Amino acid sequence: MSEHLPVLIVVVPLSAAFVVPLLGRRSSGAAHIVTLGALAATLVAASVALARVLRTADGVWRYELGGWAPPWGIEYVLDPLSGGMSVLVAGLALAAAIYAGPYLRTADPDRIGLFDSLYLLLVAGLLGIVVTGDLFNLYVFLEISAIAAYALLSTGGDRAAVATFRYLLVGTVAASCYLLGIGYLYALTGTLNMADLSVRLAAADESTATAVGVGLIVIGLAIKAAVFPFHGWLPDAYTYAPPPVTGFVAAVMTKVSAYALYRVLYFVLGAEPAAASALVFLGWAGVAAIVAGSWLALAQSDVRRMLAYSSVGQMGYIIFGFSLGSPIAIVGALFHVLNHALMKGCLFLVTGGIRWRTGVSSVAGFAGLGRRLPLSATAFALAAVSMVGLPPTAGFFSKWYLLLGAFEAEAWVGVAALVGSSWLSAIYFFRVLERLFVGADETTPAPERRDLPFGMLAPALALAVVVLLLGLFHQPVVTHLLERALPPTVS
Amino acid sequence: MNSGFGSPALDAASRLMTPFMLMFGAYVVVYGHDSPGGGFQGGVIIAACLILVRLVRGRAAGWVMPPEVAVVLLCTGAGIFAGVGLLGPIFGGHFLDYSALPLPLAPAEVRAAGSLAVEIGVALAVTGVLELIFDVLVEARDDA
């Protein structure tokens, strides 16, 4: 079966999503075990596939669905870029699903099967976006993941429902923009296959229709990726959602959209003048996002909201890196996709766990919790230090590459934004760390030490450790994975 | 929504339409392979027929699909789709490659049989989903 790995990455979670609700009516425990099993199998499939892709010389593995050759059929394409993304998505999906175990034990048993089913659909949708080599297929998976995400995010209570409804409206507009954009390109070239489209577009005359199509696709994906000023849906949606969902969605969902943006702009539209203009626009949007996101994060008193605004800023780093277009900047941006997914996943998992255990999520309420939940607080601290960008954590290296890229391009405004935002993030993260570890009221006796249950603690700690390891051993990742994920026009 | 809002006229009209709607739904599923239509459209027509009967006659008609059954239908339908798709790799083809199925038929017929199985799965899933959506909407109305 190993030659079918590219499609199994999507089919395994998708099939499991329809087994789990049936199983969940008999035994909710069994449903969750099947979910974990399916996600573990997906992670293994993605890792084996990535290892195989990296061993081959050209590093591309194409799989034709139904045996129909592209451009007529749909093909899945695994290269170092999509392979790496699929391992990242599958890994975080498994981590958040393990974390969801203790959380779901307190939930209504009848709902667990449905929760797991939606979660698997979300994972299948995101993996589909990553591995597909077809623009319309990408749209289908974009909708699958988005609809599953709306349903999951809205389960966090009344405020979550309102926030999610807003996300639904904005997200639908975004998906429609993307679809309309593909429509233009399809009308111009008669193809939806990414590789074929890039060849045909290069041969076609430059026209306003191409520019409109590219513009619509970029706006659609930029909204999905929460690029400033299209980030309005994000803070509320992340703040009120249930912790395992936020942990996963915040970690990978915007990143997968950023991946789609990168894939379309560099691999499909690489030679288009319209794509170059879009990148200039995205570069300035990225710089604005870095400044605005960090500034707004500073103003928040709820840790979850602070993390959400910080995500807006971090997406700015990624988009800014992509827009610079030099190898070193793109490597930095891709590295930041990886790092930010791990760091933000860890931070949201710990914050959600602390709220689940103690009921507090405000910065002030975190005072002294470092003594009550020492290991969780340690994981939080490690990820926070990486977010600020201090060596030897992974966050330092991705920011370093981005900074080098900005210097190389002489983008001084970007350099200033990167440095300034690092200062701001140091302020807002150390404010929380100070509360956690030293802000305790010394006059009262130390509270009983009661950390999170193992199932919630282990994924968060594992992510924190990976952040540290990735920082210490970043060189092999950069040379063997990220530098091979550069588009042909750049490398 | 326990009682329908049927009048004798609606009742007679829906009785007349129901068999044709079901037949047309099945036709659209089966012929989706070579004409406009397919599992999704056929499933919608079948679900529309079930919903029509419920709107006119309420629960009294006995055509009520409990949500549990609708979920089973949905999951089974999707399972048929994925299962037929996975038969491809099992018999040495690609995912969703029906030509690999070992059926004693001409190659074109094998492909048609495979896609018919997939369309039936899709139709079941769509019927189940639309019934579920209708149930949820009706429930919300009853609560209000």
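**Close-up views of a predicted model**

View 1. Leu39(A) is buried, at a relative accessible area of 1%, where buried stands for under 20%, exposed for over 50% and partly exposed for the range in between, with a 1.4 Å probe and protein chains only. The model is predicted, so local features need pLDDT of at least 70 and side-chain atom pairs count only at pLDDT 80 or more, whereas totals for chains, interfaces and linings use all residues. Residues are numbered from 1 along each chain as its sequence is written, chains are lettered from A and ligands numbered from 1 in the order in which they are written, and side-chain values use heavy atoms, with hydrogens and water left out. Leu39(A) sits in helix H2 (residues 28-55) of chain A, helices being DSSP runs of H or I with at least four residues and strands runs of E with at least two, numbered from the N terminus. Apart from neighbours within four places in sequence, Leu39(A) is in contact (heavy atoms within 4.5 Å) with Ala93(A), Leu94(A), Ala97(A), Tyr119(A), Leu120(A) and Val123(A).

**View 2. Aromatic pairing of Tyr262(A) and Phe322(A).** Over all chains the structure holds 18 aromatic pairs, a pair being rings of Phe, Tyr or Trp (its six-membered ring) with centres within 6.5 Å, called stacked for planes under 30 degrees apart, edge-to-face for over 60 and tilted for the rest. The rings of Tyr262(A) and Phe322(A) are stacked, because their centres lie 4.5 Å apart with the planes at 10 degrees. Since Tyr262(A) belongs to helix H10 (residues 243-268) of chain A and Phe322(A) to helix H12 (residues 303-324) of chain A, the pair ties together parts that are 60 residues apart in sequence. Both partners are buried, Tyr262(A) at 2% relative accessibility and Phe322(A) at a relative accessible area of 4%.

**View 3. Aromatic pairing of Phe24(B) and Tyr27(B).** In chain B, the rings of Phe24(B) and Tyr27(B) have centres 6.2 Å apart and planes at 15 degrees, so this pair is stacked. The two residues are three apart in helix H1 (residues 8-31) of chain B, and about one helical turn therefore separates Phe24(B) from Tyr27(B). Phe24(B) is partly exposed, with a relative accessible area of 45%, and Tyr27(B) is likewise partly exposed, with 42%.

**View 4. An aromatic cluster in chain A.** Ring pairs link five residues, Tyr150(A), Tyr167(A), Trp233(A), Tyr238(A) and Phe348(A), into a cluster. As context for this view, chain A has 19 helices and two strands, and 60% of its 491 residues count as buried.
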